[in-house]
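Look at the structure below. We will visit a few residues in turn and see where each one sits.

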Amino acid sequence: PGCATTPITERKQLKIYPEPFINKQAAFMYKNMIKRSKLSNDQKQLDEIIEIGQVMIKAIDYYFKKVNKPNPTANFKWEYNLIDSKMVNAFCFPGGKIGVFTGILEYTKNKDGLAILMGHEIAHAVAKHGVERMSRALAVEAGFAIVNVVTGGTAGQTRQVIGETTGMDIVDVTLMKAHGRQQESEADYMGLVFASMGGYDLNESVGLWKRMYKKNKKKEPPQFLSTHPSSKNRILKLRGWIPEVYKKFPKIV
């Protein structure tokens with residue numbers, strides 16, 4: 001019953017947490033976060049963020065009607081906020097709650113770069129990555145508990161010894177972080193799809209990640225210790241995907 005398929009990429013995924021519950025919690029967290037944050041008074045920039053979001057939302061709706069499949073964002077209540085902060089980040093909580101920190105605008109540079117960034121964040125929500133992460137964490141820990149019982153506690157002891165020796169949780173490194181990187185790559189691809197259907201320049205994705213690589217140079221952890229692909233790998237994959245995405249998902253007029 002928990003088996004599902006990711007839109008666009010059609011990857012099999014596990015979803016055992018109820019989505020309405022996740023969306024409700026996300027909306028509560030978003031409301032509190034915005035209440036505590038300093039919002040930017042740059043209305044022109046916020047209007048651009050809203051415009052890009054609405055273009056992509058319309059394109060997503062059109063696409064799913066065209067392929068005769070249910071729109072995974074049909075019940076989303078979209079919100080947009082520009083947060084005045086040096087933090088180099090953006091997000092889209094489950095249910096369509098978008099936040100962009102002003103610190104990342106230095107790296108998006110222009111409207112197309114911002115569209116690439118927003119496409120990536122919107123993709124996380126469209127693909128239900130939040131629901132999947134919580135479902136997977138529950139399944140992995142439950143599965144490990146069973147293995148630990150079957151092995152008479154050996155599995156748990158081994159996990160503890162490795163953790164104490166290396167400072168790393170072997171289950172987290174081998175399963176959870178690897179899955180996080182898979183979701184990030186999927187969001188990169190789907191973000192290109194949404195940007196392409198919205199009519200934005202996909203080549204800006206390479207420019208964006210080149211700038212991010214320059215910023216994070218010598219600060220990025222080894223890829224296997226991160227939930228994100230390395231900037232170099234991201235750039236290589238994006239370059240390979242761009243011609244395919246332009247061909248398969250042209251601009252929706």
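Gln183 is buried, with a relative accessible area of 1%. Buried means under 20% relative accessible area, exposed means over 50%, and partly exposed lies in between (1.4 Å probe, protein chains only). This is a predicted model, in which local features need pLDDT of at least 70 and side-chain atom pairs count only at pLDDT 80 or more, while totals for chains, interfaces and linings use all residues. Residues are numbered from 1 along each chain as its sequence is written, and side-chain values use heavy atoms, with hydrogens and water left out.

Find Gln183 in helix H7, residues 170-197. Helices (H or I, at least four residues) and strands (E, at least two) are DSSP runs, numbered from the N terminus.

What does Gln183 touch, leaving out residues up to four places away in sequence? Its contacts (heavy atoms within 4.5 Å) are Arg11, His124, His129, Glu132 and Arg133. Two of these partners also make polar contacts with the Gln183 side chain. A polar contact is a pair of N or O atoms within 3.5 Å; within protein, one must be able to donate a hydrogen and the other to accept it, and residues adjacent in sequence count only if both atoms are side-chain atoms. The side chain of Glu132 is 3.0 Å away. For the side chain of Arg133, the value is 2.9 Å.

Now turn to the backbone. Most residues other than glycine have a negative phi. Lys128 has a positive phi, near 60 degrees. Lys128 lies in the loop between helix H4 (111-126) and helix H5 (129-150). Lys128 is buried, at 8% relative accessible area. Glu10 also has a positive phi, about 60 degrees. Its loop runs between strand S1 (3-5) and strand S2 (12-14).
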